[in-house]
Amino acid sequence: MFGENKKARFICEDIIEMVTEEKYDKVIMADVYEHIEQEVIERLLQKISKDILKTDGIMIIHIAPN
């Protein structure tokens with residue numbers, strides 16, 4: 001699935017409180033976004049774009065139909 005040097009890493013943590021020096025290639029939010037309060041969304045997106053993702057990183061947001 002991944003090459004010899006590729007690894008997937010799953011982190012279960014409050015991303016707004018997360019402190020890391022490491023930047024990530026991808027952030028995946030599967031069936032989570034629609035459950036976050038609107039006033040938290042802006043802070044969340046700023047945190048991800050500023051502190052979590054690499055400059056050329058991508059965030060995938062999946063929202064399943066209810």
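**Close-up views of a predicted model**

At 43% relative accessibility, Asp25 counts as partly exposed, a class lying between buried (under 20% relative accessible area) and exposed (over 50%), computed with a 1.4 Å probe on protein chains only. The model is predicted, so that local features need pLDDT of at least 70 and side-chain atom pairs count only at pLDDT 80 or more, while totals for chains, interfaces and linings use all residues. Residues are numbered from 1 along each chain as its sequence is written, and side-chain values use heavy atoms, with hydrogens and water left out.

**View A. Salt bridge between Asp25 and Lys54.** The closest N and O atoms of this pair are 3.0 Å apart; a salt bridge requires a side-chain nitrogen of Lys or Arg within 4 Å of a carboxyl oxygen of Asp or Glu. Asp25 in strand β1 and Lys54 in strand β2 are 29 residues apart, and the pair links distant parts of the chain. Strands are DSSP runs of E with at least two residues, helices are runs of H or I with at least four, and both are numbered from the N terminus. Lys54 is partly exposed, at 35%.

**View B. Salt bridge between Asp51 and Lys47.** Here the closest N and O atoms are 3.4 Å apart. Both residues belong to helix α1, four residues apart, about one turn of the helix. Asp51 is partly exposed, with a relative accessible area of 25%, whereas Lys47 is buried at 16%.

View C. Beyond neighbours within four places in sequence, Ile61 is in contact with Met29 and Tyr33, contact meaning heavy atoms within 4.5 Å. Ile61 is partly exposed, at 36%.
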